[in-house]
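Me: I would like a close look at a single part of this assembly, followed by how that part sits against the rest. Please keep the account plain.

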Amino acid sequence: MEQACINPIDTLAACLISAGATAELASFVQILIGVVLISAFPLVLVILLIWVERKVAARVQDRLGPNRVGPFGLLQNVADAVKLILKEDITPAGADRLIYNAAPIIAVLSVLLIWAVVPFSPAHIGADLSIGLLYFVAISSIGTLAIMMAGWASNNKYALLGAFRVVAQLVSYEVPMVVALLIPVLLAGTLSMQSLVRAQIGMWFIVPCLVSAIIFYISNLAETGRAPFDLIEAESELVAGYNIEYSGMKFGLFMANEFMHAFTANLLFAVLFLGGWSGPGAEQYPLLGFVYLMLKTGVVYIFSLILRATVPRVRIDHMMAFNWKFLVPVSIINLLIAALLIQITRLLGIAPAPGETDFLAHVPQAFILLLGNLALIGGILQALRSSGRRDRLAEQARTHGDETAIIPVGSGD
Amino acid sequence: MLELNATTLAFFVFAILSVGGALGVVTSRNLIHGAVYLIISLFGGAGFFILLSAPFLAAVQVLVYIGAIAILIIFAVMLTRSMTNMAEVVNRQWWLSALVGALLLLMLAVGVIFPVWGDGGLLPNQPVSDQVATTDELGTAFVGGEDYVLPFEVASLLLTGAMIGAIVLARDTEA
Amino acid sequence: MTVPLWMYLLVSAAVFCIGVYGVLSRRNAVAILMSLELMLSAVNINLIAFWRYGAPSDITGQVFASFVFVIAAAEAAVGLAIIIAVYRSRGSVVVEDVNLLRG
């Protein structure tokens, strides 16, 4: 029973007990330190993230970005944070005080709580729940609530309008996201995040689930309100959206929440489709797994930053139509195809055994699924092309109808 | 007497959330506040599910009730502007309703809960075993084998019907 | 697990009765619907408590609770749609104003 105290990082509880603490106190302290570390990490990270985002956006737009405060402008965001803290904290007249003040806290919570189930390395995870993925989906739905509360409690019509938009957007894009997530779950046969990563040691899920990876990425962009779906803060139409009345640190919390959420979404993409911590040597040296995870996340994150700096904002009705008329049907068809192909490979006996870590064992199933995905993509592109051509012709007939139409309109009368 | 440990402490916190939130729902004048209280109460319920080792249902509770139903209710409150004209919150028979509620609680507590499951009651009030069915088995029960496939399909039919019905009912016919 | 079963049952009964009071006394249809949700949630706590203490190795209790979720979701969607339709035609969501069928 007696656990050896080797070093205070890996065996903290044992060390505390040997130093004279009771077993309950030791485990409590261990859990507390874990909680503080996991929740402090994204909060510190956010300062760096904003700097990265500003630098990348600046480079894309042929600017330099922040470069005055500290080396490479690294301290710019620290200065900004200090400014936000020093600002006056205003609660508008007629605001619903309690809800108004609770909203930013709930917003940050909704992101921080996700980090509890992120597997950082084979050995380090906040809590490897058996329902980890469902927990992620459930917790991210709380974020919607925070935005609704903020928009309503501000007693400002722009805030309320912004909140309505955002909630419509978030609730809608949850549907394709969840359906897309079902396919990795089907392949791995589990909802636990750690097992989902372990199932990818042989083959990353992005290969057999290409379409669902793309759908998950797009709907995650919308869920986190990043460009081209950043209608949450359409400055030109809604002044600033739901957080218009917020100032000082409460606004800071919303902003931190936005950046953290974007990063967390990319982190989850890396966990669910790019193999998480898996990589050569990760099992022996857990820290290496953490480095792999951060590298993968970084690549995806930089990609979303470049996307943000280059793609214009989508109009609200286009965005909703894109979701309900395109993403949802595609994700459902994709789910059907994937389920069918997975079942076929299992019946044929070429599916890898559960827990198989060899790359070659995964190849046949992944290849078949990838073919199915590519066929689906081809079909979608073909359908898009023909519908686009139809629209173009209809448009041409409408605008140049009187001059160039071969069949005169109304000739049947 | 109850031993005070993490489980019992969590139970009391969730009980307070649950009952307090419920009281808030039925007494608050402002319906948005009512919806927030509803969320608090349902959150307490989700906590109970975790304590009762049903984590899947706890997540579903948060996802369905808090993420969907509560949002829907808040939307309905705003769309119908029903929080503004709230001169009278309760109807004329509110005291009668309160009486009914209190009597029902009394009857349930004194007549059923304590005699049957109370300390020294007819039936045991501690779990018969700690062998808990897992989420895997829940999924298998729903779609694998003959257990609950038909009810599951009927439930999805009900949801589809409800969805179509809600769209038809709420659609603006003039537009 | 040291919390005895009756505590769960008592909390669930209390929430249920508060819901009954809300359904019977509130005038606003949305508030009535919220009270209904409370009652359904109380039923679920009851079901899961009985499942955990009575037959935890059998999955039936959780299956039942899942169906209650389905019913709750369907009920909320249709109920709120009806409320919105009534609001559109009557301009009010107070249930006493919806008396078109009264003779």
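How many helices and how many strands make up the secondary structure of chain C?

Reply: This is a predicted model, with an ipTM of 0.90 and a pTM of 0.87. The secondary structure of chain C consists of three helices and zero strands, in the order α-α-α along the sequence. Chain C has a radius of gyration of 17 Å, whereas the globule rule gives 13 Å for 103 residues, so chain C is more spread out than a compact globule. The extents of its C-alpha trace along the principal axes are about 55 × 25 × 20 Å.

Burial and contact range come next. Of the 103 residues of chain C, 61% count as buried. Among the contacts in chain C between residues at least 6 apart in sequence, 51% join residues at least 24 apart.

On confidence, the average pLDDT of chain C is 86, and 97% of its residues score at least 70. Within chain C, helix α1 (residues 5-25) has the highest confidence, at 91, and helix α3 (residues 60-90) the lowest, at a mean of 88.

The neighbours of chain C can be taken in turn. Chain C does not touch chain A, and the nearest C-alpha atoms of these two chains are 14 Å apart. Two pairs of chains are in contact, and the pair formed by chains B and C shares the most contacts. That contact involves 65 residues from chain C and 79 residues from chain B. On the chain B side, six helices each supply at least two residues: α1 (6-27), α2 (31-51), α3 (55-79), α4 (94-117), α5 (135-143) and α6 (149-170). The most comes from α4(B), with twelve residues. Sorted by class, this side of chain B has 56 nonpolar, 19 polar and four charged residues.

The nonpolar cores also bear on chain C. The largest nonpolar core has 182 residues, and Val30(C) is one of those that touch the most other members, along with Ala70(B) and Ile73(B). The helix that gives the most to this core is α3(B), with 18 residues. Another core, of five residues, lies apart from the largest one, and Val63(C) is among its members, as are Ala133(B), Ala141(B) and Tyr148(B). In soluble globular proteins, nonpolar side chains tend to be buried together.

Chain B has six helices and zero strands, and its elements run α-α-α-α-α-α from the N terminus on. Its radius of gyration is 21 Å, while a compact globule of 175 residues would have one near 16 Å. The C-alpha trace of chain B spans about 60 × 45 × 30 Å along its principal axes. In chain B, 37% of the 175 residues count as buried. Of the contacts in chain B between residues at least 6 apart in sequence, 45% join residues at least 24 apart. The domain assignment divides chain B into domain 1 (1-85) and domain 2 (135-175). Taken over C-alpha atoms, the centres of domain 1 and domain 2 of chain B are separated by 24 Å.

Chain B also has a side that touches chain A. In that contact, 14 residues of chain B meet 16 residues of chain A. On this side of chain B, α2 and α3 each supply at least two residues, and α3(B) gives the most, with ten residues. The residues of chain B here divide into twelve nonpolar, two polar and no charged.

Ala26(A) lies in helix α2 (residues 23-60) of chain A. Ala26(A) counts as buried because it has 20 C-beta neighbours inside 10 Å, and 20 or more is the cut-off for a buried residue. The C-alpha atom of Ala26(A) is separated by 7.7 Å from that of Ala14(A), and the two residues are twelve apart along the chain.

Notes:
Residues are numbered from 1 along each chain as its sequence is written. Chains are lettered from A and ligands numbered from 1 in the order in which they are written. This is a predicted model: local features need pLDDT of at least 70, side-chain atom pairs count only at pLDDT 80 or more; totals for chains, interfaces and linings use all residues. Two residues are in contact if their C-beta atoms, placed from the backbone, lie within 7 Å. Helices (H or I, at least four residues) and strands (E, at least two) are DSSP runs, numbered from the N terminus. Ala, Val, Leu, Ile, Met, Phe, Trp, Tyr, Cys and Pro count as nonpolar, Asp, Glu, Lys and Arg as charged, and the others, Gly among them, as polar. A residue is buried if 20 or more other C-beta atoms lie within 10 Å of its own, exposed if 12 or fewer, and partly exposed in between; C-beta atoms are placed from the backbone. Domain bounds come from an automatic or database domain assignment. A nonpolar core is a set of buried Ala, Val, Leu, Ile, Met, Phe, Trp, Tyr and Cys residues joined through C-beta atoms within 7 Å. The radius of gyration is taken over C-alpha atoms; the globule rule is 2.2 Å times the number of residues to the power 0.38. pLDDT is the predictor's confidence in each residue, from 0 to 100.
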